[in-house]
Number of protein chains: 2
Amino acid sequence: MTAMAPPHAEQPDLSFLLDHTGHVLRSRMAAALAEIGLTARMHCVLVHAIGEERTQAQLAEIGDMDKTTMVVTVDALEKAGLAERRPSSTDRRARVIAVTDAGAEVAHRSQRIVDRVHREALESLPEDERVVLLRALERLTKGHLAEPVEQPQPVRRARQRTV
Amino acid sequence: MTAMAPPHAEQPDLSFLLDHTGHVLRSRMAAALAEIGLTARMHCVLVHAIGEERTQAQLAEIGDMDKTTMVVTVDALEKAGLAERRPSSTDRRARVIAVTDAGAEVAHRSQRIVDRVHREALESLPEDERVVLLRALERLTKGHLAEPVEQPQPVRRARQRTV
DNA sequence: TATTGTTATACTCTATAACTATA
DNA sequence: TATAGTTATAGAGTATAACAATA
C-alpha cells in the first residue's frame with residue numbers, strides 16, 4: 001500500500017502493485033467467505049482436511065500457520081459444527097481433524113466461492129496477460145521470491161509462571 | 001500465504017501467488033532499508049516530502065496511512081534527524097514536513113535501495129514476462145482490484161476520559 | 001461546525017514460552 | 001529427550017476517540 005516509488009523512481013513500483021492487488025483481493029475473498037461464516041483460514045483447513053486423515057500439525061504446515069493459530073482455527077470450525085477433533089489411531093498425542101457432513105457441504109460451497117473470486121479477477125484481464133501474469137508470479141514464487149528473508153527477532157521475555 | 005486452493009480447485013490460486021510474492025518482497029525491502037535505519041514508511045514519507053511543502057495529512061494521504069501512524073513515522077524521522085516539523089505558513093493548525101540535508105542524502109540512498117530490490121526481482125524474469133506482469137498488475141490495480149471492499153467494523157467503546 | 005495534529009488507549013493478530021501427555 | 005496440542009500472555013501494529021488549537 002505504501003508507495004515506495006516517487007515520480008522519479010527508476011524502477012516500476014512492484015511493491016505497491018503486489019501489496020495493493022493482494023490486499024484488495026484478500027478483502028474480496030474475506031467478504032465473500034464471510035457470507036457463509038468462514039474465514040480464509042477456516043476454508044483452508046477445511047478443504048485440506050477432507051478425504052485425508054490429517055493432524056493439526058500437518059494442516060498447520062500446509063496453511064503455513066503457527067500451531068497456536070491452528071488451535072484457534074480448529075476451535076472455530078468445531079464451534080460451527082464443521083469439523084471435529086478425533087484422537088489419532090497411530091499417535092495418542094495427535095488429533096486428527098475430521099470434517100463433518102455439514103463441513104463437507106460448506107467446504108464445497110466455499111471452494112466454489114474461492115474459485116469465483118479468483119475467476120472474476122482473472123477474467124478482468126485479456127487472456128494473454130492472464131496467462132503470462134500467472135506464469136510470472138509462479139516463477140517468482142519458486143525462484144527469486146521463494147523465501148522471506150529473516151529479520152532479527154526482538155528478544156522476548158518469558159511469560160510469568162502461573163503456578 | 002494461506003493456500004486457498006486444494007489440488008482439485010478449478011482456478012489458479014491467485015490469492016496465494018499475490019500474498020506470497022508480496023510478503024517476500026516486503027521482507028526483502030524491509031531488510032534492505034533496515035541497513036540504513038529506515039522502515040518502508042519512513043522512506044515513503046521522506047521521498048514525498050522532498051521538494052514539496054507537504055503537511056502530515058497530505059503525506060498520510062499519499063502513503064495511505066492513518067494520521068496517527070503518520071505521527072509515529074514523523075517522530076521517527078525527527079529523532080533520526082532526517083526531517084523536521086515546521087509550522088505551515090498558510091494554516092497555523094498544520095505542520096509542514098521539511099527534509100534536512102541529512103534526510104535528503106538518506107532519501108537518495110534509500111531510493112537507490114528500493115530501485116535495486118525491485119530491479120533484482122524483475123530481472124529474475126524473462127523480459128517479455130516482466131513487461132506483461134507489470135501491465136497486468138497495473139490493469140488490476142486500476143480496474144477490478146482498485147478498491148478494497150468494506151468489511152463491517154467491530155464496535156469500539158469510547159476510551160476513558162483522562163480529565 | 002469542521003479540520004490538523006496529538007495523546008491515550010482499545011483491539012486484533014501473531015507468536016513465544018510454559019505446560020501436559022505421550023513418543 | 002523430543003513432539004502434539006493447549007493455554008496464557010507478550011508485543012507489534014493499527015485504528016478509534018477525545019482533545020487543543022485553529023479555520
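In helix α2 of chain A, the residues A:Cys44, A:Val45, A:His48 and A:Ala49 meet A:Leu59, A:Ile62 and A:Gly63 of α3(A), where contact means heavy atoms within 4.5 Å and helices are DSSP runs (H or I, at least four residues) numbered from the N terminus. These contact residues divide into 5 nonpolar, 2 polar and no charged, with Ala, Val, Leu, Ile, Met, Phe, Trp, Tyr, Cys and Pro counted as nonpolar, Asp, Glu, Lys and Arg as charged, and the others, Gly among them, as polar.

This is a predicted model, in which local features need pLDDT of at least 70 and side-chain atom pairs count only at pLDDT 80 or more, while totals for chains, interfaces and linings use all residues. Residues are numbered from 1 along each chain as its sequence is written, chains are lettered from A in the order in which they are written, and side-chain values use heavy atoms, with hydrogens and water left out.

| Helix pair | Angle | Axes |
|---|---|---|
| α2(A), residues 40-49, and α3(A), residues 56-63 | roughly 120° | within 10 Å |
| α6(A), residues 127-142, and α1(B), residues 14-34 | about 50° | 10 Å apart |
| α1(A), residues 14-34, and α1(B) | roughly 140° | within 9 Å |

The angle makes α1(A) oblique to α1(B), since angles under 35 degrees count as roughly parallel, over 145 as roughly antiparallel, 65 to 115 as roughly perpendicular and the rest as oblique. α2(A) and α3(A) are likewise oblique to each other, and so are α6(A) and α1(B).

The crossing of α2(A) and α3(A) is right-handed, whereas that of α1(A) and α1(B) is left-handed; a crossing is left-handed if the near helix is turned anticlockwise from the far one by less than a right angle, and right-handed if clockwise. The contact of α1(A) with α1(B) includes A:Leu18, A:Leu25 and A:Met29 together with B:Leu18, B:Leu25 and B:Met29, and its residues divide into 8 nonpolar, 6 polar and 4 charged.

The side chains of B:Glu129 and A:Arg135 meet in a salt bridge at 3.4 Å, N to O.

Methods: Axes fitted to C-alpha atoms, helices over the stretch in contact; angles between N-to-C directions. Helix = DSSP H or I, 4+ residues; strand = E, 2+ residues; numbered from the N terminus. Salt bridge = Lys/Arg side-chain N within 4 Å of Asp/Glu carboxyl O.
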